[in-house]
Amino acid sequence: MRKRSLAGVAAVAASALLLTSCSGSGDDPAAGADFSAAPSGTLAAWGFENADDVGQSRLDYAAEQLPDVEVTLDATAFDAQKFTTRIASGDVPDVVQMDRRYVTTYAAQGLIMPLNACFEAKGVDPTERWYQNVVDDVTYADAVYAVSQFYQPPAILLNMNVLNEAGVTPEQFDTSDMDGLLAAISKIYRASGSNPTRLGLDPVATGQGGLWVLGMGGQLTDADGKPTLDDPANAAGIDALKQITDAQGGYAAVKSFTDSFDTFGDANQFVQNQVGAQVANQWYPNVLGAYRDRISLEAVPFRDADGKPFSLASGTAFVIPAGAKNPAAACAWMTDLTSTDAWMAAGTARAETISGKGGLNTGLFTGSPEADTMIRDRFVEPTGDAGFDQVISTYYDVVESGKSFGSSPAGQDIQNELNNAITAVLLGDKTTEQALADAQQAAQRAYDNATAN
Amino acid sequence: MTNTLQTPGVAQARPELAASAARPSRWRRALKQPKTLAGRVILAGVLVLFALLFLYPFAWLLAASLKPRGEVFDNALIPKTFLPGNYVEVWNQLPLLSWMFNSVAIALLAATTVAVMSSIVAFGFAYFRFPGRGLLFGLVLATMMLPGAVTMIPIYLIWKETGLLGTWVPLWGMNLFGSAFYIFLQRQFFLGVPRELFEAARLDGCSAWGLFWRIAMPLSIPSFIIVFLFEFQASWNNLQAALIYLNAGSVEEFTAPLGIAYAMTKYSPSAGGQGDYQYVMVASLLVTLPMLIIFAFGQRYFVEGVATQGRKG
Amino acid sequence: MKRGVPRQKVKYNRREALAGYLFISPWVLGFLIFTAGAMIYSLVISFSSYNLATGAARPVGTSNYAQLFEDPRVAVSLGNTLFYAVMAVPLEIAFALILALLLSRVGRGAGVFRTLYYLPKMTPAVATAAVFFLLLNGNSGAVNQALGAIGIQGPQWLVDPAWVKPSIVIMALWTVSGTMVIFLAAIKNVPVDLYEVAQIDGAGPVRRFFSITLPMISGAMFFNVIVLTIAAFQVFDQAYLLFWRDQSNASPEASLFYAIYLFQQAFRQFNFGFAAAMAWLLFVIILLITLVQVRLGNRFVYYEGDR
């Protein structure tokens, strides 16, 4: 009897606690943040996992510019659960580095600060500093929410040793001509039993899913950021992926094979001739530069249905979480890190590393047109390897034709659901139509949740 | 264990049984073993085969931990390139020492508190008589069947209110209130202690707490050890709690399971890593080692503890 | 039950009762806060919608429960979990029983084998997952290499939707020794005389197993089935580590177990309301299944000493 009434009291208390802890939502997260104050104090930053010479040199540059600021860096990868937990517990860092596709998701929920005031205070014009599509990625409701860095266009890297052996030319890797592409792939594909030993093309289905779907005419979001995953035009890219993986033993076999690649090591898939071609971001030729005497590379751009080069803007960005304690220092730090001077320092550091290690300078793709051009003019010289030179200039060309993913409050979910759909279709679990419909339903629910509050 | 011969009439109806009961016990054992040499060889063979199957992953783990990155995926039980340096390098790659320390500390806290508190509660149920005792103990048993998911979220929110989210406390704090399964185990044991012992101490003027601390506890040391070891293992292995409470903190504060999960992602090529799985193997082996050592010393406690569960049914 | 005898009123010694209450008070306190209180709290949450930014919960009536039926992932993950349970529990029971029977026939040396078989159970789930992640690789994993040696083309264990659940079953079977130990203890307790009588009567080993061994260990069997079923419904560790640890969702939906989806909703998306509703659904399902099992068990389980 005692127990029952105690439980009753507990229940009432719990409900009361829960329901009365409501506060008004929809406050401007940046209200009260003074970005023009002189930066000082401590700055808690989260990002720069595995910082290389490029990252370190920019960190050093920013440190020089902000002598009164003490930066503590949590150098681990961005983790969505960790981020939301920190917000829930009220203990947020001042700056967080995350993939650009997540930015609008958090912006729509009021969890990060809009940065227009910050840009004004520092005299930065977003459309000047960055490529248009890079800015579009992080714009929501007419406000820019992040400071972007890097622009990694993907293209198709060709392993010329394998191509020559099979009698295939680079022109055949034309994604606007699927028949020709499939024919080229079959010529190169080799298997032992039903396990691939050499792939004609590794399309990197889930890592580069957006490239394939958007490149073949699809549309992931509309102008307001609402998901449009079930747009029939999205089927073309997924169907293309299915044709490509089915022609090489099926997605499961292909994935197990690619999972075992020694991507960063001496026995990588190009040295071992395990691939004829692979969709790769711009940083990978940089890794392969160390093996240039063992491999012969060329590159072709991804082409859309009209045969024009196509690329996607991808990269990371810095945001200021709502409730950050030192937004002024955060603003100064972020803008310094992505200034042209910082990038030049990075370019210099990279050039030094390369000349020390004997690699190739494949350029830096910073997301800022001015920095990109200056770095290319100063540091990128003919490498003496015609193949690598062609690869480098292909990537530079493809930067121009970059499109944005689209900025959406459900951006993270759209990306996840797209991957789910692609996986389901490639494994033969669902039809393309069904997979996209399911993905759209889930993404739409996420969109509604994000915009409801 | 019922002796069939005590059932009336069996001895008369089955004189041969009465005879067999009179035989020495090694005859009883012999009945169970296969009679023919072939039977025994096959039995041994099958058992050895299973033993090899069970042990193969361990052997594989050891071998993989000694290989360089490019060879981790090949299946040689003897590494082509023998790289014991992995065991040195892993400490630079991952904060393994912190992880192990955290895990040990938390497991000790969890095991000690739960063993002590569960013993106290169990003694309460075993010895004292009070109204509602049966009902309350039934409630204890009922909570054993509750899926953790139902209370997972409110418990998280409760810890959030207390401000103890980033600390170790959520991972062992609830053990301060005892835990149903261990209460059951300890109660079983206490019930086996003859009441006369306590009555005698009572007459000597022993207090209730004294009955527990001076008489019941020392007698229950084997059972206590079982509880302690079980909870130590459970805490050592607990991934979900660490995921919920420690994930948002710094990597050095992870426990071993969470740390290894983090390492699996850190080195995963699809997540930007470089495929150095050999360090994941080394870490896994080092994290398993304490468990194997504990088992080597406390084996009979584990087996006895597990067997007791089934006996109740 | 004796009829006609009035029940005696039990008199309680007040001091003893007080001492009893004091001794069990830690558990009672914990129960009130972390069990009863938490369950009520959980119920309240399941009728509200939690906002991460403000930390506030808005009451939303039954919409979370409605969403349980609308969200296809709930049905998929529930189906996956049920399918897994139906596959795993009988296999685990059979394998554990076979091992226990084998071990029970060994005189000396049983201890050595028992130790060896128990070792996998001591391995932390992370280590198991890390090892099997490589062992079960569809192309280069040891399991498929072994299968290939006897001419079977091994499947893509960790990628093919049809084989992801069997991979978890394999890992569960590797750690089946806990169940085995319970069976072993029960088998050892079967009076040898029964076997003797049966043998004299001419019963073969198979007949002896079904007529003597099985009924006599039915209590342990009952216990194991219930425990393993409840565990199968809460599969989390290995599935999470192998398929859902990465933020990039590239795993087949067939590997989405209910506990994983619940965890994602609760601690990745912070949809506490919906996750709480999911938890209650799980509770009801497990309760129903356990009740059914108990009912069936009471009919089939043979308790020694039953009059």
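Helices H6(B) and H13(B) cross in the right-handed sense; a crossing is called right-handed if the near helix is turned clockwise from the far one by less than a right angle, and left-handed if anticlockwise. The structure is a predicted model, in which local features need pLDDT of at least 70 and side-chain atom pairs count only at pLDDT 80 or more, while totals for chains, interfaces and linings use all residues. Residues are numbered from 1 along each chain as its sequence is written, and chains are lettered from A and ligands numbered from 1 in the order in which they are written.

To place this crossing, helix H6 covers residues 96-127 of chain B and helix H13 covers residues 221-237 of chain B. Helices here are DSSP runs of H or I with at least four residues, strands are runs of E with at least two, and both are numbered from the N terminus. Two packed helices are described by the angle between their axes and the distance between the axes. For H6(B) and H13(B), the axes come within 8 Å and cross at roughly 140°. On the H6(B) side the contact includes Ser103(B), Ala107(B), Ala111(B) and Ser118(B), and on the H13(B) side Phe224(B), Phe228(B), Glu231(B) and Trp236(B) are among the residues involved. Contact means that two C-beta atoms, placed from the backbone, lie within 7 Å. Axes are lines fitted to C-alpha atoms, for helices over the stretch in contact, with angles running from 0 to 180 degrees between N-to-C directions.

Chain B also carries record annotations. An unreviewed UniProt entry lists "transmembrane region" for residues 37-59, 104-128, 135-159, 165-185, 206-230 and 277-297 of chain B; such positions are given in the numbering used here, with shortened feature names, and annotations may be inferred rather than shown by experiment. In the model, residues 37-59 of chain B are 100% helix and 0% strand, with end C-alpha atoms 31 Å apart. For residues 135-159 of chain B, the end C-alpha atoms lie 29 Å apart, and the span is 88% helix and 0% strand.

Chain A contains 19 helices and 15 strands. Its radius of gyration is 24 Å, close to the 22 Å that the globule rule gives for 453 residues, so chain A is as compact as a globular protein of that length. That radius is taken over C-alpha atoms, and the globule rule is 2.2 Å times the number of residues to the power 0.38. Along the principal axes, the C-alpha atoms of chain A fill a box of roughly 80 × 60 × 40 Å. Of its 453 residues, 53% count as buried, that is, 20 or more other C-beta atoms lie within 10 Å of the residue's own; 12 or fewer make a residue exposed, anything in between makes it partly exposed, and the C-beta atoms are placed from the backbone. Among contacts in chain A between residues at least 6 apart in sequence, 79% join residues at least 24 apart.

An open sheet in chain A has 5 strands in the order E2-E1-E3-E14-E6, with mixed pairing. Its edges are strand E2 (69-74) and strand E6 (147-149) of chain A, each of which pairs on one side only. Neighbouring strands of the sheet are turned by 25° against each other on average, direction ignored. Helix H14 (residues 327-337) of chain A packs on the sheet, touching E1, E2, E3, E6 and E14 of chain A, and its direction makes about 55° with that of E1(A).

Strands of a sheet pair through backbone hydrogen bonds, either parallel or antiparallel. Two strands are taken to pair if DSSP finds at least two bridges between them. E1(A) and E3(A) run parallel, joined by 2 bridges, and the bridge partner of Trp46(A) in E3(A) is Val96(A). Val96(A) also stands opposite Val319(A) in E14(A); E3(A) and E14(A) run antiparallel, with 4 bridges. Of the 5 residues of E3(A), 4 are buried. E6(A) pairs with E14(A) in the antiparallel sense over 3 bridges, with Ser148(A) bridged to Ala317(A).

Two loop residues of chain A deserve a brief look. Phe48(A), in the loop between E1 and helix H2 (53-65) of chain A, has a positive phi of about 60° although it is not a glycine. Phe48(A) is partly exposed, with 18 other C-beta atoms within 10 Å. Ala141(A), in the loop between strand E4 (139-140) and strand E5 (143-144) of chain A, has a phi near 50°. Ala141(A) counts as partly exposed, with 13 C-beta neighbours inside 10 Å.

Chain C contains 14 helices and 2 strands. Its radius of gyration is 25 Å, whereas a compact globule of 307 residues would have one near 19 Å. The C-alpha trace of chain C spans about 75 × 75 × 30 Å along its principal axes, and 47% of its 307 residues count as buried.
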